[in-house]
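Hi,

Here is the structure I promised to pass on. Have a look at it first, and my notes on what turned up follow below.

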Amino acid sequence: QQEAVHEEVRGRVEELHRMLADHGDRHSRDLEAIKSAHMRFHNDAKARDSQHAAAASRIEQLESALATAAEKHARDLASAHAKFDSLGGRLSDASSAHEAHVRSLVANEKEMRDACHATLKER
């Protein structure tokens, strides 16, 4: 009978060893799956960080280019305003000179007409 109890205990111990081995294998597979998922997550995070750094660099380049373009536009606009103001002044001067010239011509023609009328009256 003692032999039967030993046999039963041995059977139970073997069953426990098999169960522990099965659980150990399952846990080992689960651990490898977790490690693999963690490595994928880590690699994805590194790739995303790299892409974010590249995007930030491109944004800085665009901001710099935009600032340069805005400054150039402001200079060009100020230059255009100065040219426009200068042109307006020259146009005003030319208009005044033209009016003076027309008055002079009209006055000369009037003098010539008056002189011609005077000679006609004398005849």
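A quick definition before the findings: a salt bridge here is a side-chain nitrogen of Lys or Arg within 4 Å of a carboxyl oxygen of Asp or Glu. Bear in mind that this is a predicted model, so local features need pLDDT of at least 70 and side-chain atom pairs count only at pLDDT 80 or more, while totals for chains, interfaces and linings use all residues. Residues are numbered from 1 along each chain as its sequence is written, and side-chain values use heavy atoms, with hydrogens and water left out.

Salt bridges

Searching the whole structure gives 5 salt bridges. Here are some of them.

Glu 99 pairs with Arg 103, with 3.5 Å between the closest N and O atoms. The two are 4 residues apart in helix H1, which puts about one helical turn between them.

Lys 72 and Asp 76 make another salt bridge, at 2.8 Å from N to O. They too sit in helix H1, 4 residues apart, or about one turn. Lys 72 is partly exposed at 44%, and Asp 76 is partly exposed at 40%.

Then there is Glu 8 with Arg 12, a salt bridge of 2.8 Å, N to O. Both belong to helix H1, which covers residues 2-122, and they are 4 residues apart, about one turn. Glu 8 is partly exposed at 44%, whereas Arg 12 is exposed at 56%.

As background, oppositely charged side chains can pair when their charged atoms come close.

A nonpolar patch

Val 5, Val 9 and Val 13 form a nonpolar surface patch, with about 220 Å² of accessible area together. Patches take residues with over 30% relative accessible area and no salt bridge, joining like charges within 9 Å and nonpolar side chains (Val, Leu, Ile, Met, Phe, Trp, Tyr) within 5 Å. The areas come from the Shrake-Rupley method with a 1.4 Å probe, and for residues only the protein chains shown count as cover. Val 13 lies in helix H1 and is partly exposed, at 36% relative accessible area.

Cheers

Notes. Buried < 20%, exposed > 50% of the residue type's maximum accessible area, 1.4 Å probe, protein only.
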